[in-house]
Amino acid sequence: MPRKAKKKQYFTQLTENAIIRHNKENRPYMRERIYNDHIRFAFEKLAENIIHTFKFYYFDVQTADVKHEVISFMITRLGKYKQGKGKAFSYFSVVVKNWLICHNNNNYKKMK
């Protein structure tokens, strides 16, 4: 008997396709619509999961504010994702993790 999925996946192939469509779209209102309808939830969940999984807690602000900063950072990197150079999930996971490591380490040094 096949195994049942334990949790609903939040970053699927549909999300990746939406990112590709977003990057190809020239009309700002359509880019915003694609983001809000297909990408936003995945970015929010990815940011939340990375913060908690890797315990990035050395920040001067609340975790919710850090999450918003991470999402803003991912939005600035949306256009840098290139189709065919790996999965979007992997790209954004690595980029966010590296960004958080840098900021977390700097804040940790300030707290000492």
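Colleague: On what basis are residues numbered, and which confidence limits apply?
Modeller: Residues are numbered from 1 along each chain as its sequence is written, and side-chain values use heavy atoms, with hydrogens and water left out. Because the model is predicted, local features need pLDDT of at least 70 and side-chain atom pairs count only at pLDDT 80 or more, while totals for chains, interfaces and linings use all residues.

Colleague: How many aromatic pairs does a search of the whole structure find?
Modeller: Rings of Phe, Tyr and Trp (its six-membered ring) pair if their centres lie within 6.5 Å; planes under 30 degrees apart count as stacked, over 60 as edge-to-face and the rest as tilted. On this basis, the number found in the whole structure is ten.

Colleague: Which residue forms a stacked aromatic pair with phenylalanine 11?
Modeller: The two ring centres are 6.5 Å apart, with 25° between the planes. Helices (H or I, at least four residues) and strands (E, at least two) are DSSP runs, numbered from the N terminus. Phenylalanine 11 lies in the segment before helix 1 (13-24) and its partner in helix 2 (residues 28-53), so the pair ties together parts that are 32 residues apart in sequence. The partner is phenylalanine 43.

Colleague: Is phenylalanine 43 buried or exposed?
Modeller: Buried means under 20% relative accessible area, exposed over 50%, partly exposed in between (1.4 Å probe, protein chains only). Phenylalanine 11 has 12% relative accessibility and counts as buried. Phenylalanine 43 has 0% relative accessibility, so this residue counts as buried.

Colleague: What is the geometry of the pair formed by tyrosine 35 and phenylalanine 43?
Modeller: Tyrosine 35 is buried, with a relative accessible area of 12%. The ring centres of tyrosine 35 and phenylalanine 43 are 6.2 Å apart and their planes stand at 70°, so the pair is edge-to-face.

Colleague: Which residues form one aromatic cluster?
Modeller: Phenylalanine 11, tyrosine 35 and phenylalanine 43 are among its members.

Colleague: Which helices do the buried residues of helix 1 pack against?
Modeller: Helix 1 has twelve residues and reaches 17 Å from its first C-alpha to its last, close to the 16 Å expected at 1.5 Å a residue (1.5 Å times one less than the number of residues). Its buried residues are Thr15, Glu16, Ala18, Ile19, Ile20 and His22. They pack against helix 2 and helix 4.

Colleague: Which residues are in contact with histidine 22, leaving aside its neighbours within four places in sequence?
Modeller: Histidine 22 belongs to helix 1 and counts as buried at 7% relative accessibility. Contact means heavy atoms within 4.5 Å. The residues are Arg31, Ile34, Tyr35, Ile39 and Leu78.

Colleague: Which residues does alanine 88 touch, not counting residues up to four places away in sequence?
Modeller: Alanine 88 is placed in helix 4 and counts as buried at 0% relative accessibility. Its C-alpha atom and that of arginine 27, 61 residues apart along the chain, are separated by 22 Å. The residues touched by alanine 88 are Phe11, Glu16, Ile19 and Tyr81.

Colleague: How many salt bridges does a search of the whole structure find?
Modeller: Side chains of opposite charge can pair when their charged atoms come close. A salt bridge is a side-chain nitrogen of Lys or Arg within 4 Å of a carboxyl oxygen of Asp or Glu. The number found is five.

Colleague: Which residue forms a salt bridge with arginine 27?
Modeller: Arginine 27 is partly exposed, with a relative accessible area of 39%. Its partner counts as buried at 16% relative accessibility, and the closest N and O atoms are 2.7 Å apart. The partner is glutamate 25.

Colleague: What separates the closest N and O atoms of glutamate 44 and arginine 40?
Modeller: Being four residues apart in helix 2, glutamate 44 and arginine 40 are separated by about one helical turn. Glutamate 44 is partly exposed at 25% relative accessibility, and arginine 40 is partly exposed at 38%. Their salt bridge has its closest N and O atoms apart by 3.3 Å.
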